[in-house]
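Dear colleague,

I am passing on a structure that I would like you to look over. My notes on what was found follow below it.

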Amino acid sequence: MAGAFKAPIVAALAVAPRHVELVIEHPELSMAAPGQFAHILTPGMLRRPVSFSRIDPQRGRAGLLVQVVGQGTAWLAERSPGEWLDVLAPLGRGFQAPDPARPWILVGGGVGIPPLYSAWERWGPQHRAPACAILGAREADGILMAGDFQGAGLLPVLATEDGSAGRRGTVVGPLEEWLARYPEAQVMACGPNGMLAQVSRVAAGATGPVQLAMEQRMGCGIGACLACVVPATPVGPEGPRYRRVCTDGPVFFREELAWSWI
Amino acid sequence: MDLSVRLPRGLTLKNPIIAASGTFGFGPEYARFVQVNRLGGISVKGISPEPWRGNPPPRVWETPSGLLNSIGLQNPGLTTFLEEDAPFLRTLDTVVIANIIGHTVEEYRTVAAGLQNEPAIHAFEVNISCPNIKAGGITFGHDPDAAYHVMRAVRSVTDKPVMVKVSPNMADPWTVAEAVVEGGADMISAINTVIGLAIDLKRRRPALGGTTGGLSGPAIKPIALRVVWEIAQRVSVPVIGMGGIQSAEDVLEFLMAGARAVMVGTITFQFPQRMEEIIDRLPLVLAHYGFRSLEEAVGAAWTSRTADGAEGGE
């Protein structure tokens with residue numbers, strides 16, 4: 001289910017340079033699930049899809065962590081508590097709940113980190129097997145929500161390309177190490193396509209499910225316009241089948257995506 | 001005020017606001033947000049005989065006051081449409097228009113024939129004007145003779161009302177409109193998107209996966225109005241106008257330019273309920289500008305008639 005509604009901003013926090021987290025409140029948001037998103041009205045021609053960074057079903061609150069990349073997100077970053085956002089939400093296919101008895105690896109890159117935190121917030125407390133969050137970015141400023149993970153009982157492994165926080169390099173090194181130790185692990189990942197392609201490749205030998213949350217330029221957000229597609233399987237002689245990030249995703253299983261076309 | 005619109009072959013719209021093809025899926029997608037039965041009609045996503053995969057992403061790009069798209073008419077094909085999408089459409093209490101597409105004259109005929117006995121479909125919109133496919137489609141739309149033959153082929157297999165959607169990407173779009181009316185078209189819909197290009201500075205290449213795209217939104221409204229104006233004064237059949245409509249005032253502009261009804265598309269992405277708001281406001285706007293009926297507004301700008309009844313020259 002999803003609705004079209006206006007929700008008040010109850011908190012706005014600058015969490016990093018060019019990154020703001022807005023918390024909005026509405027009864028419909030009680031239904032939100034990790035990996036789903038809100039399609040937010042901005043002054044441009046299109047709404048902006050933003051994944052939930054945290055979800056409080058009791059209070060009907062959800063976090064939207066916005067990275068400023070253009071005019072629409074810049075406008076969002078200037079909003080203040082007391083103002084209202086016009087949203088369509090919750091939308092899309094979120095993460096399938098993890099098996100609490102199987103090791104669980106969360107891999108997030110930059111602004112792809114927030115939906116993974118919402119997954120940990122929702123399912124972490126019941127998780128009985130080992131779990132690990134690997135957070136990567138180009139530089140330390142791009143690592144989001146590390147404190148939230150720590151506060152929720154999971155000390156994340158950090159990787160930055162310039163070495164300014166955690167290990168120098170990408171998330172691939174720590175992921176390989178964790179998969180070597182727990183080959184049966186289940187993986188959830190979100191980040192830039194290049195990172196997800198590497199996660200998909202590294203996790204190809206893993207026996208657990210690998211779920212990847214995808215991003216794409218989006219039109220309607222509700223499955224009507226077929227703009228936000230990603231190349232998916234099966235790949236025929238003329239190319240892949242295109243599937244919608246907004247309704248078939250944003251979360252796909254690794255096998256569903258045609259990585260050689262992305 | 002009665003907003004109903006009588007069109008050829010017994011087709012009646014409860015109001016002149018139709019959801020434009022390509023922006024409204026096959027109907028159920030927006031049903032969570034929009035009271036679909038309040039609309040005058042919906043024109044569904046283009047249907048081809050076989051599935052079309054569409055163009056590579058990115059498929060949309062924002063431009064000043066516009067939206068550039070390169071979807072490439074991705075659709076599941078006629079058979080899947082009939083099995084999976086038509087059942088929902090049969091439950092609707094509004095006019096459902098099947099937008100039909102093809103690479104060849106025969107493909108247009110195949111889709112029309114395949115939908116002729118489908119009760120969910122009340123009319124056809126023959127799409128010969130999408131700028132996002134290379135073979136067929138727009139090559140018919142820019143050639144009056146080819147357009148005539150597509151229309152003849154469709155007419156040979158259906159007695160349902162047929163409109164042909166014309167392209168703005170040519171110097172004299174009315175030549176195609178005149179040709180398809182000669183070929184048996186009952187109506188003209190105008191316009192399809194305006195061909196355009198955007199460059200992604202960071203990636204140093206065209207922003208869209210399909211290189212060029214079709215521009216929609218308020219940026220193209222003056223272009224659309226001009227095409228509607230030219231065609232409506234040249235053909236005897238009703239014209240359905242579209243291009244950048246955002247308000248009831250915009251609808252009235254199209255009516256006064258000669259359209260009998262309109263289609264609304266891009267604005268729905270921002271405001272799913274805007275079409276219903278336009279339907280609510282249209283009687284007030286018509287009255288505000290001195291019209292006692294919808295009919296009275298159609299083509300009202302042709303003779304420069306003013307609200308107090310004085311006539312300008314022509």
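A polar contact is taken here as a pair of N or O atoms within 3.5 Å, where within protein one must be able to donate a hydrogen and the other to accept it, and where residues adjacent in sequence count only if both atoms are side-chain atoms. By that rule, 11 residue pairs are in polar contact between chain A and chain B, both residues being at pLDDT 80 or more.

Please bear in mind that this is a predicted model, in which local features need pLDDT of at least 70 and side-chain atom pairs count only at pLDDT 80 or more, while totals for chains, interfaces and linings use all residues. Residues are numbered from 1 along each chain as its sequence is written, chains are lettered from A and ligands numbered from 1 in the order in which they are written, and side-chain values use heavy atoms, with hydrogens and water left out.

To stay with the interface, 30 residues of chain A are in contact (heavy atoms within 4.5 Å) with 33 residues of chain B. The two chains bury about 2,600 Å² between them, of which 62% is on carbon and sulfur atoms; buried area here is the accessible area, with a 1.4 Å probe, that two parts lose on being put together, summed over both. The rule for salt bridges (a side-chain nitrogen of Lys or Arg within 4 Å of a carboxyl oxygen of Asp or Glu) finds 1 across this interface, and E62(B) forms a salt bridge with R48(A), with the closest N and O atoms 2.8 Å apart.

Over all chains, the structure holds 28 salt bridges. One of them pairs E177(A) with R167(A), the closest N and O atoms being 2.9 Å apart. Since E177(A) lies in helix α4 (residues 172–181) of chain A and R167(A) in strand β10 (residues 167–168) of chain A, the pair ties together parts that are 10 residues apart in sequence; helices (H or I, at least four residues) and strands (E, at least two) are DSSP runs, numbered from the N terminus.

In chain B, the axes of helix α6 (residues 221–232) and helix α7 (residues 248–257) come within 8 Å and cross at roughly 25°, the axes being lines fitted to C-alpha atoms over the stretch in contact and the angles running from 0 to 180 degrees between N-to-C directions. The helices α6(B) and α7(B) are therefore roughly parallel to each other, a term used for angles under 35 degrees. Their contact is made by K221(B), A224(B), L225(B), V228(B), W229(B) and A232(B) of α6(B) and by D250(B), E253(B), F254(B) and A257(B) of α7(B).

Lastly, some backbone details deserve a look. The peptide bond from T233(A) to P234(A) is cis, with omega near 0°, and P234(A) is found in strand β13 of chain A. Another cis peptide bond joins P57(B) and P58(B), with omega about -5°, and P58(B) lies in the loop between β4 (41–43) and β5 (60–63) of chain B. M145(A), although not a glycine, has a positive phi of about 60°.

Definitions and conventions:
Parallel < 35°, antiparallel > 145°, perpendicular 65-115°, else oblique.
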